Amino acid sequence: MADIGHFFSKEFSIRGLELILTSQIFLSYYLIFILLIYLVCQFKFPVLPNSIQFLKFHYLLGKIKRRKQHLGSVVEEMAAILQAIPEGIFHIDRSERVTDYQNTAANLNLDLPKQNFLGKNLSEILPPEVFAQYKNAIAEARETQTPVTIEYNLTFANSERSWEEARLVPWKNDQILAIVRNISTHKLTEEALRASEEQYRRIVETSAEGIWQFDRQGNTIFVNSKIATMLGYTIEEMMEKSIFKFMDKESQLIAKERVKICRQGIRKPEDFKFRRKDGSDLWAIVSCSPIHNQIGEYRGALAMITDITERKLTEKALLQSEATNRAIIEGIPDLLLRVKRDGTCLNFIPPKDSSAKNYVPIATHLDELLTPDILQKQLEQIEQALTTKEVQIYEHQLLKYNKICYEEVRISPCGKDEVLIIVRDITRRKEAEQKVHLALEEKEILLKEIHHRVKNNLHVIASLLHLQAHTINEPKLLDIFDDSQNRIYTMALIHEQLYQSEDLGKVNLEKYIRRLIGNLCTSFNSNSKPINLIVEAQPLSLNLETAIPCGLIINELITNAYKHAFPNGKSGEVKVQLFQWENQQLNLIVADNGIGIPATVDWQNPASLGLKLVQILAKQLKANLEFDCQSGTIFKLTFQQLPYKPRI
C-alpha cells in the first residue's frame, strides 16, 4: 500500500475532512436561511405587486441555485480527494462504537468489510492491546480537546504484521473522528535504517582502523574508540579538539598541506606521524576523504587511520641492519660468492685488495674457476654446510696469477639450497707462518744447543772439582767438594732434561726427581747403606724458575738424610712426594724415618750450609716450609709455580 506521505500530509487530510463536513452543514443552513427570507418577504411586503415579488423571488431562487451548484462542485471535489487518500475515517461515539466510515478506498489491513465494523464496538474489531491504546487516546482527546496520535501493529492469520497510525480528533456531539493510515512501509524503512545504523555503529566501534571525522577548521566531530586507544586518550578528551593538537610542529605543517590536497578531492594514503598522550610517536597510514554539502562546499573530512608504528620500527631496524651489513660487507676484503647447491654462481663481490685489479670476472659456475679436484672438495663442503647448517672452514692450494697461492674458504648456509662462500687469500700468511716455523725450529735448535753446552760446562766444573779433590787429604774438605759436585750435577741435570724435552720451557719433574735420586745413590754408593728410596710424584711440568729451586732442595734434603739420618750403617727409608691440589698449589714432601735432627740444632737458624740453602730456596719459591722431627724428619713445602721473570 502506498504511503500517504507520497501524496498528502496528515494535516491536509484532516483539513480536507473538516472542509467537506463544514460545507455539507453550511449548505443545509444556507437553504434554511433562504427559505426564511422568502417567508419574511411574503409576510412583510404583501402589498407589493405580484410581478415584483415574482421577480424578486425568481432572482433569489437563481442565486440559491448557483450557490448550490458551486457548493456541490466543491463538495464533490473534496469528496473525490478524500476518497483518493489512503486513509480511513471512522466516526466513533461515546461508547467506542463505529457509527460511520467516510473512505472505503483506504486499505486499513483490518481484513474486515465495511459492514463488518459499522455499528460495532472497537473492542469487537481490534485486539485487546490495540483497543486499550484507542480507549486511552480517546479519553485524552476528549479531555484535552486536541488531536491524539497513536501507533500500533496488527498480526494477521498468515503471520504478517502491519503497522498503523491513528489520529483521534475531537468532533461535535462528543464524537471522535479516527483518521487511520497504514505506515508499514514507513516502519520497515525505519527498522531497516535503524538496523543499518546499528550495523554501521558496530563496524565503526569494532574496526581495526581508527576513524576520525573533523570539520573545515580541523576540529574533531567524531572519533571511534580505536583511534582514541591508539593515541592514549578518551573519546571525550578528543572531541572538539583540533586534529593538529595531536601532532608536533613539524607534523602540523605537513598535515595542513595534506588537508589542502584533500579539499581538492585527491585521496592518497600516506604515512603520517602523530603524538600520543604519553609523548611517544604513533606512525599511521592516513587515508583522507573530503566531505561536501549538497551545493559542493567543503564541510570537513573523514580520515581512516591504520597503526603502522611496529612496521616503522621494524623498517628502521631493518635499515640500520642493512646499513650495518653493508658496512661489514664493504669492510670485508675477501671475495664473496653466493652459490647454489650444484655450484651455480648467483652473485659475487670481488676482493678489495691489490689483487682485485687482476681478478677475472666471475663465471657462471665454479667449474670455470676451480680445478676438478678442488671443485669436488668444495661441492662436498657446500653439501656438508647445507646438511649440518654449520659453517665449514677449510684451506686449499691452487695456481693463481701464474703462481702457487693459498686460500681459506668459509662456506655458510644462507637458505635452503644456497650458501655464501668467503674466499680469503692467505698466501702471505702462509709464507709468514713458514718463515716463523723455520725461525722457531732454528731457535729450538739454538736453545737445545745452549742447554747442552750449559750442561757440559757444569759437568766440566764438576769434573774440575773432582780432580781437585784428589789433592786433598782432609775428610771435611772432601765432603765439601763432594756436596758442591752434587749441587752442580743437580743443576746440570735440569739443562739435560730441557734440551732432551719437546718443550724447551718446562721440565717433567717426575722424571727429573727419579734421575736425580739415581745420581745421588751412585754418588753416595748406596749399596754400602741399606736405604730404600721411594718416589711418589705426579707427572707435572714446571718452568725453569720453579724446577731448579725444587731440584736443589731435594738434593740438599736427600744428601742430609744419607749423611745423618742413618748412622753406623743403619737401614731406613727416604720418601719424596710431589703432587698438585685443585687450586694449582704444589706440595713437596721429603721424609725419612731416621734418628731425626738433634734438639740442639736450630733448624730455622742452622749452622750447616745445606739447611741454610733449603731456607733460602724456600723463600725463593715463596713456599710455606714446615718441619717435623718427632718421628724421623719431615720437610713439607707448599707453593705455587713461579711466573716467568723477564731478564734484562
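Author: Let us start with a term: a nonpolar patch is made of residues with over 30% relative accessible area and no salt bridge, their nonpolar side chains being joined within 5 Å. Please keep in mind that this is a predicted model.

Reader: Which residues make the nonpolar surface patch of about 290 Å²?

Author: The patch is made by V460, L464 and L467.

Reader: And where is L464 placed?

Author: L464 belongs to helix α12, which covers residues 427–469.

Reader: Does L464 count as buried or exposed?

Author: L464 counts as exposed, because its relative accessibility is 51% and the cut-off for exposed is over 50%.

Reader: Now the charged pairs. How many salt bridges are there?

Author: The count comes to 24 salt bridges. One of them joins the side chains of R142 and D174, with an N to O distance of 3.8 Å. This pair links distant parts of the chain, 32 residues apart: R142 is in helix α5 (residues 128–144), while D174 is in the loop between β4 (161–170) and β5 (176–182).

Reader: Why does R142 count as buried?

Author: R142 counts as buried because its relative accessibility is 18%, and buried means under 20%.

Reader: What about R258, which residue does it form a salt bridge with?

Author: R258 pairs with E270, and their closest N and O atoms are 2.3 Å apart.

Reader: How accessible are R258 and E270?

Author: R258 is partly exposed, with a relative accessible area of 34%. E270 is also partly exposed, with a value of 21%.

Reader: Is E408 buried or exposed, and what of R410?

Author: E408 counts as buried, since its relative accessibility is 11%. R410, at 35%, counts as partly exposed.

Technical notes
Residues are numbered from 1 along each chain as its sequence is written. This is a predicted model: local features need pLDDT of at least 70, side-chain atom pairs count only at pLDDT 80 or more; totals for chains, interfaces and linings use all residues. Side-chain values use heavy atoms; hydrogens and water are left out. Patches are made of residues with over 30% relative accessible area and no salt bridge: like charges are joined within 9 Å, nonpolar side chains (Val, Leu, Ile, Met, Phe, Trp, Tyr) within 5 Å. Accessible areas come from the Shrake-Rupley method with a 1.4 Å probe; for residues, only the protein chains shown count as cover. A salt bridge is a side-chain nitrogen of Lys or Arg within 4 Å of a carboxyl oxygen of Asp or Glu. Helices (H or I, at least four residues) and strands (E, at least two) are DSSP runs, numbered from the N terminus. Buried means under 20% relative accessible area, exposed over 50%, partly exposed in between (1.4 Å probe, protein chains only).
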